[in-house]
Amino acid sequence: MLELDHIAVACETLAAGQRAVEEVLGVALVPGGAHARFGTHNMLLGLEDGLYLEVIAVDPEGAPEQSPRWFDLDQFSGPPRLGNWICRSSDLAGDAAALPGSGAPVALSRGDLRWQMAVPASGVLPFNNCQPALMEWQGDAHPAQRLPASGVRLVALEVRHPEADALAARMAPYLADARVRYDIGEPSLIATFDTPHGRRELR
């Protein structure tokens with residue numbers, strides 16, 4: 001079975017993403033680092049229950065070793081928005097093969113963190129990026145363990161798509177998480193959080 005690992009906010013610049021998320025949630029993000037393979041960088045927020053939130057953008061000082069970039073970032077434009085949700089696997093090759101369009105496993109690292117992620121050749125995940133990205137951590141190190149407590153908890157993740165029923169049916173054998181629900185609508189993700197300042201919603 002898959003487990004929800006983290007959610008990702010895409011943005012044109014890391015500064016814009018940081019401002020947008022901090023304004024909504026009322027808590028501070030912390031620096032993450034750079035991903036040399038895809039020429040991206042991020043900032044992070046630790047969430048309750050072992051999850052975290054990632055704000056990710058193209059690194060203007062980075063030169064991707066592999067393209068297109070992951071998370072469809074080559075095509076991203078507009079205000080920061082919740083762009084992807086990421087599930088961890090204990091059998092990445094098997095789960096990626098079982099969920100069409102997930103992509104091929106790519107070995108990645110940031111600092112002493114090591115993981116593999118299934119990345120589609122196009123950079124675009126099925127169902128207009130509403131199908132989760134799949135990853136497998138290598139070793140016991142995990143970003144959420146290292147991030148300061150924020151007092152923010154993910155309450156719900158709504159996955160909207162015109163073919164939400166088909167996506168729900170595809171995911172049902174692999175993911176059982178009461179926080180995730182699938183609804184008919186234009187492709188988008190909506191995350192609801194309990195924060196020290198009350199309930200907040202990030203789109």
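**Ground rules.** I take helices (H or I, at least four residues) and strands (E, at least two) as DSSP runs, numbered from the N terminus. This is a predicted model, so I note that local features need pLDDT of at least 70, side-chain atom pairs count only at pLDDT 80 or more, and totals for chains, interfaces and linings use all residues. Residues are numbered from 1 along each chain as its sequence is written, and side-chain values use heavy atoms, with hydrogens and water left out.

**Entry: Asn42.** I found Asn42 in strand β3. Is Asn42 buried or exposed? Asn42 is buried, with a relative accessible area of 5% (buried is under 20%, exposed over 50%, partly exposed in between, with a 1.4 Å probe and protein chains only). A polar atom of the Asn42 side chain lies 2.9 Å from the backbone nitrogen of Gly33. Leaving aside residues up to four places away in sequence, I listed what Asn42 touches, including Leu14, Pro31, His35, Glu54 and Arg110 (contact means heavy atoms within 4.5 Å).

**Entry: cavities.** On a 1 Å grid over the protein atoms alone, a cavity is a set of points where a 1.4 Å probe fits but cannot get out, and lining residues have an atom within 4 Å of a point. Grid points are joined across faces, edges and corners, and a volume is the space filled by probe spheres set on the points. My search of the whole structure gave two cavities of 30 Å³ or more.

The largest cavity holds about 110 Å³ of space. Its lining has 15 residues, and His6, His35, Tyr52, Glu54 and Trp115 lie nearest its centre. Strand β7 gives the most to this lining of the largest cavity, with three residues.

The second largest cavity holds about 40 Å³. Among the residues lining the second largest cavity are Trp70, Phe71, Met117 and Leu125. Here too I looked up the largest share of the lining: three residues, from β7.

**Entry: helix α5.** Which residues of helix α5 (residues 164-171) are buried? I noted Ala164, Leu167 and Met171. They cover an arc of only 65 degrees around the axis, which puts them on the same side of α5 (the arc is that of the directions from the helix axis to the C-beta atoms). Asp165 and Ala169, on the other side of α5, are exposed. Cover for the buried residues of α5 includes α3 (126-129), β9 (153-160) and β10 (180-183).

Conventions:
On a 1 Å grid over the protein atoms alone, a cavity is a set of points where a 1.4 Å probe fits but cannot get out, and a pocket is an open set with protein on both sides within 12 Å along at least five of seven lines; lining residues have an atom within 4 Å of a point. A polar contact is a pair of N or O atoms within 3.5 Å; within protein, one must be able to donate a hydrogen and the other to accept it, and residues adjacent in sequence count only if both atoms are side-chain atoms.
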